[in-house]
Amino acid sequence: MEPSVRLVETKNINFKNPVVIIGFPDVGLVGTIVARYIIDKLKLEEIGHIESNLFPPILVIHNEKIQNIIQINGNENVIVFTSEIPVPLEILNDLTKVIADWITSKKAEMTFIVGGMPNQNRLEMKTIVTHAIPTTHRASAILNKGKGQLFDEGVIIGMNALFLRKFFEEKSDGIALLADSFLAFPDPESSAVVIENLNKMLGWNIETKKLLEKGDEIRLNARDLMKKTREILNKMRKPVEDESTMMYR
Amino acid sequence: MMETVEIFNDENRAEPLVHITESKDKTVIMVDLPCVRKQNIDLKVSKKAVEINAIIKNTFAEDYFKKGVRWTFFHKIIDLPTETFPEKVKAKFEKNVLLITIPKNRKVKRIKIECWE
């Protein structure tokens with residue numbers, strides 16, 4: 001059966017074992033905020049996108065230009081995946097597979113899956129912790145350079161879970177970096193913590209001051225995306241909760 | 001006191017994000033109010049609902065989530081799942097999140113069940 005999504009490369013890039021960042025709309029929109037900030041700071045051009053007949057009837061326009069819904073930005077050293085809308089549930093499996101296979105074909109050095117982890121005490125937190133899940137021993141070694149704390153027990157739901165499982169099964173190097181975050185509000189502060197961790201692990205020097213300064217602005221303007229993302233997250237959570245009830249009955 | 005400026009036009013009204021959690025004794029409502037100062041929040045509580053109005057201090061030409069709308073105030077009415085004592089409601093504003101703690105009025109009245117003759 002044909003996959004429901006297709007990855008289209010629009011620029012011919014000679015990749016040199018690139019680092020890949022995957023940041024889709026998720027808890028606290030951390031993945032999206034991190035991905036967009038990196039694209040902006042590293043001035044990464046769009047090099048491809050995802051096509052699917054299962055995208056909702058929506059058109060996103062940015063700076064007077066029509067945007068692809070799921071975009072791939074990058075250069076020969078860095079590739080960033082992000083989306084203008086929460087990824088529809090119907091394409092999650094195919095999308096994960098198509099992206100992971102493409103990353104493998106480009107001989108990526110390491111893939112970082114960035115996002116948030118809901119913490120009900122987020123409002124009172126003085127220090128935001130980044131929970132890390134490496135898929136290989138090599139990924140664990142890189143993780144030691146950062147300030148991430150290994151996620152030792154629990155359940156990951158959604159697209160991040162699918163990516164991690166795929167990387168784990170295929171012994172591909174991947175690390176999920178999930179920062180403590182508000183569940184239902186955009187969280188630029190948590191996003192800044194993820195970027196600081198990436199800086200340490202990759203030897204980058206992306207400043208986060210501007211991100212923190214623009215925090216309120218991002219929160220104000222990302223409300224619609226957050227609301228729609230939460231609806232999708234609730235749909236994802238439901239079957240998992242039902243299954244858990246069965247497991248512990 | 002809220003600033004009395006002509007900004008309460010429906011076109012410029014933004015709906016804040018809200019997260020509600022409930023326990024046996026209380027309802028906790030978190031309201032995300034970016035770009036708002038504490039003194040510009042007007043919170044009203046009745047037995048059955050909470051109303052929030054807040055002036056947005058500034059709007060931006062945004063880089064990452066650009067929109068064509070200029071919002072000037074937040075407005076939201078939240079119906080409470082259980083009646084409350086308005087005088088016992090507490091609120092604090094931290095990191096531009098308004099946290100409202102609402103005790104539940106759990107006063108119950110036992111009803112005698114009568115038999116049909």
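Modeller: One definition first: Ala, Val, Leu, Ile, Met, Phe, Trp, Tyr, Cys and Pro count as nonpolar, Asp, Glu, Lys and Arg as charged, and the others, Gly among them, as polar. The model is predicted.

Biologist: Into what numbers of nonpolar, polar and charged residues does the lining of the largest cavity divide?

Modeller: One cavity of 30 Å³ or more is counted. The largest cavity holds about 130 Å³ of space, and 15 residues line it. By class, that lining divides into 11 nonpolar, three polar and one charged.

Biologist: Which element gives the most residues to the lining of the largest cavity?

Modeller: Nearest the centre of the cavity lie A:Pro25, A:Asp26, A:Met159, A:Leu233 and A:Met236. The elements that give two or more residues to the lining are helix H4 (159-169) and helix H8 (223-247) of chain A. With four residues, the element that gives the most is H8(A).

Biologist: In chain A, why is one side of strand S1 and of strand S10 left without a neighbour in the sheet?

Modeller: Chain A has an open sheet of nine strands with mixed pairing, in the order S1-S3-S6-S7-S2-S8-S11-S9-S10. Strand S1 (5-9) and strand S10 (149-150) of chain A stand at its edges, so each has a single partner strand.

Biologist: For residues 20-39 of chain A, how far apart are the end C-alpha atoms?

Modeller: UniProt, in an unreviewed entry, lists residues 20-39 of chain A as "transmembrane region". In the model, the chain over residues 20-39 of chain A is 50% helix and 20% strand. Its end C-alpha atoms are apart by 12 Å.

Biologist: What is the average twist from one strand to the next in the four-strand sheet of chain B?

Modeller: The four strands of chain B form an open sheet with antiparallel pairing, in the order S2-S3-S8-S7. At the edges are strand S2 (18-22) and strand S7 (90-94) of chain B, each pairing on one side only. From one strand to the next, the twist averages 15°.

Biologist: Which residue in S8(B) does B:Ile29 stand opposite?

Modeller: Strand S3 (residues 26-32) and strand S8 (residues 97-103) of chain B run antiparallel, with seven bridges joining them. In S8(B), the residue opposite B:Ile29 is B:Ile100.

Biologist: What is the mean pLDDT of chain B?

Modeller: The model as a whole scores ipTM 0.85 and pTM 0.88. In chain B, 83% of residues reach a pLDDT of 70 or more. The mean pLDDT of chain B is 84.

Terms used:
Residues are numbered from 1 along each chain as its sequence is written. Chains are lettered from A and ligands numbered from 1 in the order in which they are written. This is a predicted model: local features need pLDDT of at least 70, side-chain atom pairs count only at pLDDT 80 or more; totals for chains, interfaces and linings use all residues. Side-chain values use heavy atoms; hydrogens and water are left out. Two strands pair if DSSP finds at least two bridges between them. Axes are lines fitted to C-alpha atoms, for helices over the stretch in contact, and angles run from 0 to 180 degrees between N-to-C directions. UniProt positions are given in the numbering used here, feature names are shortened, and annotations may be inferred rather than shown by experiment. On a 1 Å grid over the protein atoms alone, a cavity is a set of points where a 1.4 Å probe fits but cannot get out, and a pocket is an open set with protein on both sides within 12 Å along at least five of seven lines; lining residues have an atom within 4 Å of a point. Grid points are joined across faces, edges and corners, and a volume is the space filled by probe spheres set on the points. pLDDT is the predictor's confidence in each residue, from 0 to 100.
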